[in-house]
Amino acid sequence: MPGRRRAAALAAVLFPPQVRAWALPTEGALTPQAVRRVAREAALNTDDKAAQALSEDWGIKLDGKQINRWAFRLGLRLQAERDAEVTASESGRRPAAPENPPALLVIGPDGGRVQMEEKDPETGSRWREDKVLTVTSYVPGDGKEKAPEPLVTTHVASMAKTEEFGRIARVEAERRGWKQAAQVLVIADCGNWIDPLVEREFPGSERIADWSHAKEHLYECGRAMSDGKHTPEAQARAKYWTDLLWAGKTAEVVAHLKQGSRELGKPQPQDGRDHPRRSMAQNVGYFEKNQAHMHYPEYRAKGWPIGSGNTEAGVKQFNKRVKGTEQFWSAEGVEAILCLRGLWLSQDGRWAAYWRNRPAYVKRAA
């Protein structure tokens with residue numbers, strides 16, 4: 001009992017009773033500073049680790065479920081504000097653009113992985129894709145020795161379907177100066193949902209097929225030509241094709257891949273997804289379809305980046321928080337955490353600005 005009374009007394013000091021505009025659960029009335037701290041820990045750590053850190057710092061006993069409830073409410077509010085911005089943008093009320101338009105803005109969409117509580121009825125899997133967007137301002141290179149320099153990267157992520165996520169992505173790009181930038185690039189792999197999103201939301205932007213992914217596809221082809229094995233011959237063949245692609249000889253690459261596909265033969269119904277015949281045929285289609293986005297010497301000469309490293313790093317940062325074999329998410333719960341995580345990861349000072357400009361509570365009426 002004495003321990004409980006001490007905890008209650010500490011809670012009264014740390015969490016003085018107030019009317020909560022945040023609609024937080026009733027376990028404790030958090031001060032504005034405490035709310036920000038809970039949000040930070042929830043953005044960084046799993047519920048149990050966040051509870052352990054806060055319990056140690058505040059000298060009271062908190063558990064992961066309590067942190068989860070608080071974090072869910074905070075993220076839910078962020079999500080509502082984000083969705084309201086999307087609605088406002090579609091009504092013509094765009095977010096404020098930066099005072100100094102970027103010389104070069106790079107938009108990067110990609111996907112991560114999240115394990116849900118419920119299995120997908122179509123696939124039987126709990127794993128779903130969370131869609132991630134990074135927007136990075138750059139100082140262009142000189143096309144020679146000076147490489148393009150990334151400046152500020154911001155992040156958004158959502159479990160939304162492609163069309164809805166596209167609207168979220170557009171608003172984030174507008175906030176970063178998409179309409180005002182001297183040059184806009186979209187750098188990403190040519191995934192099945194990415195190009196439709198880009199064509200719909202970012203028309204007129206220069207589309208670049210991510211160099212690293214293109215190179216990976218060529219090494220897949222090299223292995224396919226060696227019966228799926230990682231042999232020295234496969235490595236040498238893939239390097240030769242990669243050198244051609246680097247030099248801008250995409251048509252030659254396509255011709256080589258077509259010849260290789262003919263040698264292996266057409267895919268057969270019994271071929272698995274990774275069978276050499278099927279892999280080779282799919283990669284021929286990949287390079288034929290996307291060669292217009294593979295003018296790498298031209299991009300380098302203009303001082304542009306050709307890789308989506310910032311985006312891949314962003315996906316990994318979201319995965320660190322939401323991807324894990326022991327983490328199972330509801331759709332609402334993971335969306336709330338993705339919102340908190342995106343706010344924390346963004347490098348434009350929005351985390352501090354958000355908490356500075358949002359009073360957590362109103363005073364209790366006398």
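This is a predicted model: local features need pLDDT of at least 70, side-chain atom pairs count only at pLDDT 80 or more; totals for chains, interfaces and linings use all residues.

Residues are numbered from 1 along each chain as its sequence is written, and side-chain values use heavy atoms, with hydrogens and water left out.

**Helix pair.** Select helix H9 (residues 250-264) and helix H10 (residues 276-290), which pack at an angle of about 155° with their axes 9 Å apart. Helices are DSSP runs of H or I of at least four residues, and strands are runs of E of at least two, numbered from the N terminus. Axes are lines fitted to C-alpha atoms, for helices over the stretch in contact, and angles run from 0 to 180 degrees between N-to-C directions. H9 and H10 are therefore roughly antiparallel (an angle over 145 degrees). Residues of H9 that meet H10 include Val254 and Leu257; contact means heavy atoms within 4.5 Å.

**Cores.** Next, select Leu62, Leu340 and Trp355, the residues with the most contacts inside the largest nonpolar core, which has 36 residues. Such a core is a set of buried Ala, Val, Leu, Ile, Met, Phe, Trp, Tyr and Cys residues joined through side-chain atoms within 4.5 Å; buried means under 20% relative accessible area, exposed over 50%, partly exposed in between (1.4 Å probe, protein chains only). Helix H13 supplies the largest share, 7 residues. Apart from this core lies another, of 29 residues, among them Leu104 and Val254.

**Loop.** Finally, select Gly143, in the loop between strand E5 (131-139) and strand E6 (149-158). Gly143 is partly exposed, at 31%. Gly143 and Lys302 are 159 residues apart in sequence, yet 5.3 Å apart in space, C-alpha to C-alpha.

Key: Angles under 35 degrees count as roughly parallel, over 145 as roughly antiparallel, 65 to 115 as roughly perpendicular and the rest as oblique.
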